[in-house]
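Q: Could we go through this model together, beginning with the ligand and ending with the backbone?

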Amino acid sequence: MDNVTRREFTKLGALGLAAQAMPAAVAQAQQADARTGYAVIGLGRIADHFLRATRDSKTSRVTGLVSGHRDKALRIAAEYGVPESAVYSYEDMDRMKDNQQIQAVYVALPNSMHAEYTLRSAKAGKHVLCEKPMAISVAECEAMIGACKAANVKLMIAYRCQYDPLHLKAIQLIRDGNIGTLNVIQGAFGGPQPVGEWRITKKLGGGGSLMDLGIYPLNASRYLAGEEPVEFKAFTSTNDHDGRFNEVEENITWTMRFPSGVLANCTSSYGAHMPGYFKVAGSKGWIEMAPAYNYDGMRLRASYRNADGHSEEIDETSPDKDPIEFVRQMDHFTTCIRQNQTPHTPGEEGLRDMEHMKAIYKSAGIDIL
Ligand code: NDP
């Protein structure tokens with residue numbers, strides 16, 4: 001869509017007319033647009049971040065929507081220039097196989113729905129960018145990888161922090177040896193969940209705070225250490241005996257040992273307000289990111305001795321606007337699709353976290369995943 005069309009379309013959207021007026025002019029503009037088209041499946045909170053990021057992407061756009069709420073979907077379609085014919089329900093989304101304007105999907109559904117919609121999207125011939133956690137069991141993750149391979153489509157897990165400049169800088173500082181030999185990693189993330197939230201149901205969440213929030217420090221510990229943990233010790237607890245945590249854990253804390261000897265100590269909670277962070281300490285210095293997993297305002301600090309023996313201090317904050325990592329994430333996946341490359345965070349990355357979460361739960365006496 002060129003700028004004039006986009007402006008006109010926004011005006012129509014405000015009048016609630018865009019979806020009706022779409023067919024001729026917009027359908028033509030859509031076909032002329034060379035950006036890779038994504039259908040967003042599940043129009044909730046994270047989908048909104050993805051949708052807004054498409055406005056800043058030069059490679060990717062939204063060309064389809066899948067939702068259980070057609071009124072909401074049509075409103076969003078009008079806002080983003082998606083033709084009404086590309087607004088699907090969960091029941092009829094398999095029809096998107098005939099829509100050549102949709103090359104990929106973004107699965108932004110509750111955790112237990114990721115596997116089914118990844119499989120159906122792959123069957124429809126669409127590349128899949130799937131939210132974390134990849135699914136709710138190791139077997140589901142393996143099935144998703146297998147289905148995408150069989151359909152010859154790409155699969156990437158939306159570990160947005162791995163596309164964030166400050167996280168990447170932290171990794172580079174470590175790999176360059178600035179903080180010396182790594183010894184200890186600490187990380188946490190927590191936030192209270194209300195009654196009625198799907199996240200605290202086993203059926204939709206799969207597990208509790210570990211699956212949703214603990215996965216951030218787990219994944220961070222792995223990319224900061226640059227190796228896979230081999231041993232786990234974990235504890236869970238429930239402090240709020242108000243019925244919210246009858247099915248899944250409220251608090252979980254665990255320690256992981258990596259082959260090099262690095263010990264990582266992580267916690268997640270659905271009861272405590274706990275801004276996400278990580279700290280990495282080595283023989284020559286330390287790196288801290290706090291907050292680390294927000295959408296904006298992330299802060300990286302580091303202190304270490306450089307090669308000349310002088311002390312270096314870093315203190316950087318990411319811009320206080322909706323984050324660049326959503327744009328970088330979709331641009332990366334689009335590049336992988338176009339150039340037939342393996343994504344930086346493929347299905348196997350999601351599978352590894354699932355295997356580790358299974359081991360963490362097992363150590364806490366919970367036999368799931
Ligand atoms: P929301 O509850 O805000 O949105 C989920 C959407 O899924 C709903 O709006 C709904 O869309 C659809 N849906 C379909 N069936 C159900 C159902 N039975 N119950 C609830 N929703 C349903 O969740 P989030 O956007 O916060 O989370 C979605 C996924 O994204 C999760 O896997 C989560 O872990 C992940 N996530 C990732 C983040 C990141 O930073 N990478 C941050 C937050 C979440 P509709 O009305 O259109 O049908």
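Q: From which domains does the shell around the ligand draw at least three residues each?
A: This is a predicted model, in which local features need pLDDT of at least 70, side-chain atom pairs count only at pLDDT 80 or more, and totals for chains, interfaces and linings use all residues. Residues are numbered from 1 along each chain as its sequence is written, and side-chain values use heavy atoms, with hydrogens and water left out. Domain bounds come from an automatic or database domain assignment; here domain 1 (34-160) and domain 2 (165-317) each give at least three residues to the shell.

Q: Which residues come nearest to the ligand?
A: A residue is near a molecule if one of its heavy atoms lies within 4 Å of it. Of the 27 residues around the ligand, those that come nearest are R45, S67, K72, Y90 and R160.

Q: What is the class make-up of that shell?
A: Ala, Val, Leu, Ile, Met, Phe, Trp, Tyr, Cys and Pro count as nonpolar, Asp, Glu, Lys and Arg as charged, and the others, Gly among them, as polar. On this basis the shell holds 13 nonpolar, seven polar and seven charged residues.

Q: Where are oxygen atoms of the ligand 2.7 Å from an N or O atom of a side chain?
A: A polar contact is a pair of N or O atoms within 3.5 Å. An oxygen atom of the ligand is 2.7 Å from such an atom in the side chain of R45, and an oxygen atom of the ligand is likewise 2.7 Å from one in the side chain of K72. With K132, a backbone N or O atom lies 2.8 Å from an oxygen atom of the ligand.

Q: Which peptide bond involving K132 is cis?
A: The bond that joins K132 and P133 is cis, with omega about -15 degrees. Helices (H or I, at least four residues) and strands (E, at least two) are DSSP runs, numbered from the N terminus; P133 lies in the loop between strand 5 (127-130) and helix 7 (138-150). The peptide bond from A290 to P291 is also cis, with omega near -5 degrees, and P291 is in the loop between strand 12 (285-289) and strand 13 (299-305).

Key: A polar contact is a pair of N or O atoms within 3.5 Å; within protein, one must be able to donate a hydrogen and the other to accept it, and residues adjacent in sequence count only if both atoms are side-chain atoms.
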